[in-house]
Every structure is written in structure tokens, then in C-alpha cells.
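Dear colleague,

Please find the structure below. My notes on it follow.

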Amino acid sequence: MGNKSIPASKGVLQWPVDGILTQGYGNTGFTALGYNFHNGVDIAGPAGTAVYAAADGTVVDTDQSDVSYGNWVAIKHNISTSSGSDQIVTLYGHLRTIKVTPGQTVKQGDVIGYEGNTGNTTKKLYGPERGYHVHFGVYDADGFSISPGAYTKIYGPYKIPYGYTYNPLDFLPDQ
């Protein structure tokens, strides 16, 4: 899955939301919701804060549910790196509202949705007032895919994006 060779390229993406980094990428030690590896970064801000496209691209897909990433948007981008041009997919999870549709072209800085608390967030542990953030992930476009959720009999239909991930901080400017 994925070519796993895109070099770190600081600053090719912009921060998708104005907020505070609350969880990093990798083995962060947070396992209370059943995860041992965090495949993105979490950025918290006030509920309803605008979420922006991190770079120019095309919306691959969206989904609305209260499972996994909740309401999410995936956007495919062509980026310039030291190895030339590469393709990545950015994921924006736990949105309150989605403002884009699959196939839509977006420019860096376009509003794609608003920060929310949908899906598997700390609201499931601490109550509905906790958990507002955006889960921001960066995937290798080679091998990125979306599958139906495994628990549709319990939660209804939902989709899960998956593939090889990179540390988003390797592509974002320093905060």
C-alpha cells in the first residue's frame, strides 16, 4: 500500500484549522478508544471553527456518520517535493458540517467544513462537551482507498478511508 517514499516537504500544506495541536502522530499512548497508533494529528479549536483545504486538490470522497472519523472529507493533491511531483490525500475528520462534494475542485484555503465532534472522539469517554477537534491525516495517494464500515448492522452505512500514512507535521509549516 503506497509507495512510502515521498520525502518530508515542510510547508507544502497549510494548517487546516486555526487551533492547538492536542495529539501527535504515531504511538501516542492514547488507547482508551481502542487505538494503539494515531495515523494523523488532532487540532482542537472552538466548536464550529472553519476548516480549510490544506492545498489545491480534488475532493475524493466524503462521509457522514458517528463512527470512526465521523463526518470526513478526503482531498487528493499534487505536491512538489525534492523528488519531483507526488500525490497525497489529506483527510479531515470529525467535522460538524461538510461544505464540499466528491469531485469538486478546491483551492488551498477554501472552507471545506466546520470543526465538530462526530465519530470516535473523547466525547465517548468524557461526555459531549469534550472532543471537539479536526483529525488531520496525510496518506500516500498510491494505495489510498475507502471501504464500507464493518459494523453497518449496528451503526448503519458508513465508510472508512485507509492506506499508508505520513506524519502530517512533515508537510505543514512550523506553528
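Tyr151, Ile154 and Tyr155 form a nonpolar surface patch with about 380 Å² of accessible area together. Patches consist of residues with over 30% relative accessible area and no salt bridge, with nonpolar side chains joined within 5 Å and like charges within 9 Å. A salt bridge is a side-chain nitrogen of Lys or Arg within 4 Å of a carboxyl oxygen of Asp or Glu, and areas are Shrake-Rupley values with a 1.4 Å probe.

This is a predicted model, in which local features need pLDDT of at least 70 and side-chain atom pairs pLDDT 80 or more, while totals for chains, interfaces and linings use all residues. Residues are numbered from 1 along each chain, and side-chain values use heavy atoms, without hydrogens and water.

Tyr155 lies in helix H2 (residues 152–155). The protein chain has 2 helices and 12 strands, taken as DSSP runs (H or I, at least four residues; E, at least two).

The whole structure holds 6 aromatic pairs, meaning ring centres within 6.5 Å (planes under 30 degrees apart are stacked, over 60 edge-to-face, the rest tilted). Tyr25 and Phe37 make an edge-to-face pair, 5.3 Å centre to centre with 85° between the planes. Both sit in the loop between strands S1 (20–23) and S2 (41–44), 12 residues apart. Tyr155 also pairs edge-to-face with Tyr158, because their ring centres are 6.5 Å apart and their planes at 80°. Tyr158 is buried at 5% relative accessible area, where buried means under 20%, exposed over 50% and partly exposed in between.

Yours sincerely

Key: Buried < 20%, exposed > 50% of the residue type's maximum accessible area, 1.4 Å probe, protein only.
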